[in-house]
Amino acid sequence: QIRVRIIEGRQLSGNNIKPVVKVHVCGQTHRTRIKRGNNPFFDEVTYFEIAHCLYDVCHFVMDITGASGDVCFILGHAVMRKWLLLSDPEDTNSGAKGYMKVSMFVLGTGDEPPV
């Protein structure tokens, strides 16, 4: 199982935006509730069951209002309360599009989630 906690966004680019976060893992997608503003607070947790795609577990892709961040970590490790830089994958020279604070980790049968 993969657990992803979308905590908050900061300095998201744009005016009068209504950001939503989409997390794609192993062909599954989760969307957060739509928020308002450039510094939204989400605090949403989602779970992905990954029984048949452990090989693909390495990459998480998060899309936020046209920007995206890609996170890769070794199976069994965790990313806890870390800020991710968001950028436009179509224009790598455009600079930062904002930041997203997230936690995510992989749990096997009987594993306890990190605190």
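Predicted model: local features only at pLDDT ≥ 70, side-chain atom pairs only at ≥ 80, totals over all residues.
Modeller: Numbering runs from 1 along each chain as its sequence is written, and side-chain values use heavy atoms, leaving out hydrogens and water.

Colleague: Why is I7 called buried?

Modeller: I7 has a relative accessible area of 6%, and buried means under 20%, exposed over 50%, partly exposed in between (1.4 Å probe, protein chains only). So I7 counts as buried.

Colleague: Which residues is I7 in contact with, neighbours within four places in sequence aside?

Modeller: F41, F42, D43, R81, K101, V102 and S103, where contact means heavy atoms within 4.5 Å. I7 itself is in strand β1, residues 2-10; strands are DSSP runs of E, at least two residues, numbered from the N terminus.

Colleague: What makes N16 exposed?

Modeller: Its relative accessibility is 78%, and the cut-off for exposed is over 50%, so N16 counts as exposed. N16 is in the loop between β1 and β2 (21-25).

Colleague: And why is D43 called partly exposed?

Modeller: D43 comes in at 38% relative accessible area. That falls between the two cut-offs, so D43 is partly exposed. D43 is in strand β4, residues 41-48.

Colleague: What is phi for N16, and for D43?

Modeller: For N16 phi is near 50°, a positive value in a residue other than glycine; for D43 phi is near 45°, also positive. Most residues other than glycine have a negative phi.

Terms used. Helix = DSSP H or I, 4+ residues; strand = E, 2+ residues; numbered from the N terminus.
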